[in-house]
Amino acid sequence: MKPENHKNIWLFAEHKHEKLMPVFQELLTKAKCLANEIENCKLCALIIGSSLENVVKEAEESGADIVYYVDDEKLLNYNCESYTTVLEGIINEYKPLAFLFGATSMGAELAPSLSARVKTGLAAHCVDITTDKHGTLTFIVPAFGGKIECEILIPNHRPQMATVRPGIFEANKLSKANNVQTFRLECPVLPEPRISFVSFIPSKDYTVQKLEESALVIGCGRGVGTDNDFENLKKLAKKLNAAIAFTRPAVDMGWASDEREMVGSSGKSISPTVYLGFGISGATHHLSGINKSRIIISVNKNKKAKMFDASDYKVVAESRAVINALLKAL
């Protein structure tokens, strides 16, 4: 779409178990700062699904100026084709200036599908966004394993679209907007989906659910040692009620159930109160995912490990020795 008569910043309000996902509030907090710099710009939340009463109420209290929602039983289970069709019609009618998604499993699939439909650009996995007073956004995206940051602009098409990694922006509780407006939109005729929903089996691994919310995260690198040492690290995490974050080498060793537990430029970004890392060298792409931790404690046998440069407290020792000592103390 050509950049004519487009206004307002729209946010895809992803939800789960009748609650908005934490990344929505992160997006809203950042979008609020952007909207304050753009003339006559409002924040719009868009919710898609079925039986949305509780989610809509939460969105109305979130700080968004306008809440749009499409509530239809055909949208109960996420389907990229169906959701893209719904979003395409809304964008063509309301002409957003920008449309932001969380870089979740859903957002990372839905956003590029939508950008192709409406013929606009997409900046993926942003770590920051800036704007000028005219609403031209600059998206900051890491590249080359996080060693550099690139600026991406979408100057000639609208909406300006981006996905933002969860945990990148702070999620501040905003005051309810004055005279917040809520509109229910009709669900369009949907194409027969080529993929049908069969069932959903939730993960049993507690680290996946808690990683982005845990106040204490234990980092696991290749230097943890053997499979037996990793089992002890899991015991330690359980005793401390901590989540476990993995580096890419640790994932490749098979210690993580899948890449959803990986932290870094190609994984999640987290901001725990305490990050306790074991056997982590300190590669740039991992540090980019933990640099918002309040306190970083590192254990590594190599006193020259780059991880120590980013740490508040440093322990030069074998990881297994410190893990076993903590288990004994607990």
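I take helices (H or I, at least four residues) and strands (E, at least two) as DSSP runs, numbered from the N terminus. I note that this is a predicted model, in which local features need pLDDT of at least 70 and side-chain atom pairs count only at pLDDT 80 or more, while totals for chains, interfaces and linings use all residues. I number residues from 1 along each chain as its sequence is written, and side-chain values use heavy atoms, with hydrogens and water left out.

**Loops and backbone**

I looked up Pro159 and placed it in the loop between β10 (148-153) and β11 (160-164). The peptide bond that joins Arg158 and Pro159 is cis, with omega at about 0°.

His17, in the loop between β2 (15-16) and β3 (19-20), has a positive phi of about 55° although it is not a glycine. For accessibility I use relative accessible area with a 1.4 Å probe and protein chains only, where buried means under 20%, exposed over 50% and partly exposed in between. His17 counts as exposed because its relative accessibility is 67%. Asn40 also is not a glycine, yet has a positive phi of about 50°; I find Asn40 in the loop between α1 (22-36) and β4 (43-49), and its relative accessible area of 73% makes it exposed.

Leu52 sits in the loop between β4 and α2 (53-61), and at 2% relative accessibility it counts as buried. With contact taken as heavy atoms within 4.5 Å, and not counting residues up to four places away in sequence, Leu52 touches His15, Ile47, Tyr69, Val70 and Asp71. I also checked Leu52 against Ile195, 143 residues apart along the chain, and their C-alpha atoms are separated by 23 Å.

**Helix pairs**

I class angles under 35 degrees as roughly parallel, over 145 as roughly antiparallel, 65 to 115 as roughly perpendicular and the rest as oblique.

For helix α3 (residues 80-94) and helix α4 (residues 105-118), the axes come within 9 Å and cross at roughly 50°, so α3 is oblique to α4. The α3 side of the contact includes Cys80, Tyr83, Leu87 and Ile91, and the α4 side includes Leu110, Leu114 and Val118. I class Ala, Val, Leu, Ile, Met, Phe, Trp, Tyr, Cys and Pro as nonpolar, Asp, Glu, Lys and Arg as charged, and the others, Gly among them, as polar. By that scheme the contact of α3 with α4 has seven nonpolar, four polar and four charged residues.

Helix α6 (residues 227-239) and helix α9 (residues 319-329) pack at an angle of about 40° with their axes 10 Å apart, and they are therefore oblique to each other. Among the residues that make this contact are Asp229, Leu233 and Lys235 of α6 and Arg320, Ile323 and Leu327 of α9. By class I record five nonpolar, two polar and four charged residues in the contact of α6 with α9.

**Cysteines**

Counting a disulfide as a pair of cysteine sulfur atoms within 2.5 Å, I find zero disulfides in the structure. The sulfur of Cys80 is 15 Å from the closest cysteine sulfur, in Cys187, which is too far for a bond. Cys80 is buried, with a relative accessible area of 16%, and Cys187 is buried with a relative accessible area of 18%.

Definitions and conventions. Axes fitted to C-alpha atoms, helices over the stretch in contact; angles between N-to-C directions.
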